[in-house]
Amino acid sequence: MLVFKCPYCGIEADETELSPGGEAHLKRFGPGSSDEELEGYLFNRENPKGVHFERWRHVYGCGKWFHAARCTATLEVFGTYSAQTFGPPKEIIDIIKSKRPGWKWRNLG
Amino acid sequence: MSDNKNEGVVRSYSGYVKVSEKMKTGMLTVRGDFRSSKFKTSFTKAVGTKLPKDRKLILAKNNVAWMSPDELLILCDYADVSSLSQNLQMELKDQHHMLVNVSDARALFEISGSGSREVIAKLAPVNIATLEIGEIRRTRFSQIAAAFWLTSETSVSVICFSSVADYMFNLLKTSSMPNSKVGDF
């Protein structure tokens, strides 16, 4: 069972109280970008066995979107953080570095 | 075991706790910037209570519940909704806010009796053992969205959308059937 602490209301929310929002930190490529960039934005997603960054929504609770860093293999949660950001905060990165040395995720790690 | 004789009650059921659906409660949803001191002052002036702390509920003449970092729910007498709404509208008129009368869109249930915590524990993914009195918890009850709070060790209030009130009543009824007590709380 996946349990995330919602960074907005502080509740330890069970997976069934949340709604998954897919991969985190995608950069939008809209009008004016190349076909490859648009294709990447629309379709290319990470599918890691290990460290992953995702968006979740506390849909049955406060209704806010947030980010979560977790391990897809063990379901270990490294932390959750605000949605108003372009990348994971340093504390989360440090936790992942200490627990999963040598990890890689897109341009991180 | 249902009866409609109680005043102010739509329907009720007595299992190992008593479940009743309350008739017509005034409810107002307020959204705005709770960090703004101007907002706080205007709110207190109109409603008569401070803003609740995160996840808390203020029990006063008008109960005020924290719903999210930018949303509150005011519970009051059904007859007072329009005057309260107008007062609040006046106070907040030059501030960014949203105010909606949701009285007829919501249903309020009350559960009373020892074992009230357990009736909730059977339905919602909540660590009920650590939930304090005066704390509001928004969650799901089986398949529907709901919020609840403990008013004492033996009584709980539950709110949900009125469109799913039948579902909620049946859930609470099933959960409190006689002989279904687990006895963990």
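Predicted model: local features only at pLDDT ≥ 70, side-chain atom pairs only at ≥ 80, totals over all residues.
Residues are numbered from 1 along each chain as its sequence is written, and chains are lettered from A and ligands numbered from 1 in the order in which they are written.

Chain A holds two helices and six strands, where helices (H or I, at least four residues) and strands (E, at least two) are DSSP runs, numbered from the N terminus. Read from the N terminus, the elements of chain A follow the order β-β-β-α-β-β-β-α. Chain A has a radius of gyration of 15 Å, close to the 13 Å that the globule rule gives for 109 residues, so it is as compact as a globular protein of that length; the radius is taken over C-alpha atoms, and the rule is 2.2 Å times the number of residues to the power 0.38. The C-alpha trace of chain A spans about 40 × 35 × 20 Å along its principal axes. Of the 109 residues in chain A, 22% are buried, a residue being buried if 20 or more other C-beta atoms lie within 10 Å of its own, exposed if 12 or fewer, and partly exposed in between, with C-beta atoms placed from the backbone. Among contacts in chain A between residues at least 6 apart in sequence, 51% join residues at least 24 apart; two residues are in contact if their C-beta atoms, placed from the backbone, lie within 7 Å.

Chain B is divided into domain 1 (9-23 + 105-175) and domain 2 (25-104), with bounds that come from an automatic or database domain assignment. The C-alpha centres of domain 1 of chain B and domain 2 of chain B are 23 Å apart, and ten residues of domain 1 of chain B are in contact with twelve residues of domain 2 of chain B. On the side of domain 1 of chain B that touches domain 2 of chain B, the elements giving two or more residues are β8 (106-112) and β9 of chain B. The residues of that side of domain 1 of chain B comprise four nonpolar, two polar and four charged; Ala, Val, Leu, Ile, Met, Phe, Trp, Tyr, Cys and Pro count as nonpolar, Asp, Glu, Lys and Arg as charged, and the others, Gly among them, as polar.

We turn next to a sheet of chain B. Five strands of chain B form an open sheet with antiparallel pairing, in the order β4-β5-β6-β3-β7, and two strands pair if DSSP finds at least two bridges between them. The edge strands are β4 (57-58) and β7 of chain B, each of which pairs on one side only. Strand β6 (residues 71-77) of chain B has five of its seven residues buried, so it is largely enclosed by the rest of the structure. Strand β3 (residues 25-32) of chain B pairs with β6(B) in the antiparallel sense over seven bridges, with B:Gly26 opposite B:Cys76 and B:Thr25 opposite B:Asp77. Strand β5 (residues 63-68) of chain B runs antiparallel to β6(B) and is joined to it by five bridges; B:Asn63 stands opposite B:Leu75 in β6(B), and a hairpin through two residues joins β5(B) to β6(B).

In helix α2 (residues 81-91) of chain B, the residues B:Val81, B:Leu84, B:Ser85 and B:Leu88 are buried. They cover an arc of only 100° around the axis, which puts them on the same side of α2(B), the arc being that of the directions from the helix axis to the C-beta atoms. On the other side of α2(B), B:Ser83, B:Gln86 and B:Met90 are exposed. The buried residues of α2(B) pack against β3, α1 (37-47), β6 and β7 (97-101) of chain B.

Two loop residues of chain B deserve mention for their backbone angles. B:Lys24, in the loop between β2 (18-22) and β3 of chain B, has a positive phi of about 40° although it is not a glycine, and B:Lys24 counts as partly exposed, with 15 C-beta neighbours inside 10 Å. B:Ser142, in the loop between β9 and β10 (144-152) of chain B, has a positive phi near 55° and is likewise a residue other than glycine; B:Ser142 is partly exposed, with 14 other C-beta atoms within 10 Å.

Finally, the contact between the chains takes nine residues from chain B and eleven residues from chain A. Strand β9 (residues 136-141) of chain B gives the most to the side of chain B that touches chain A, with three residues, and the residues of that side of chain B divide into three nonpolar, two polar and four charged.
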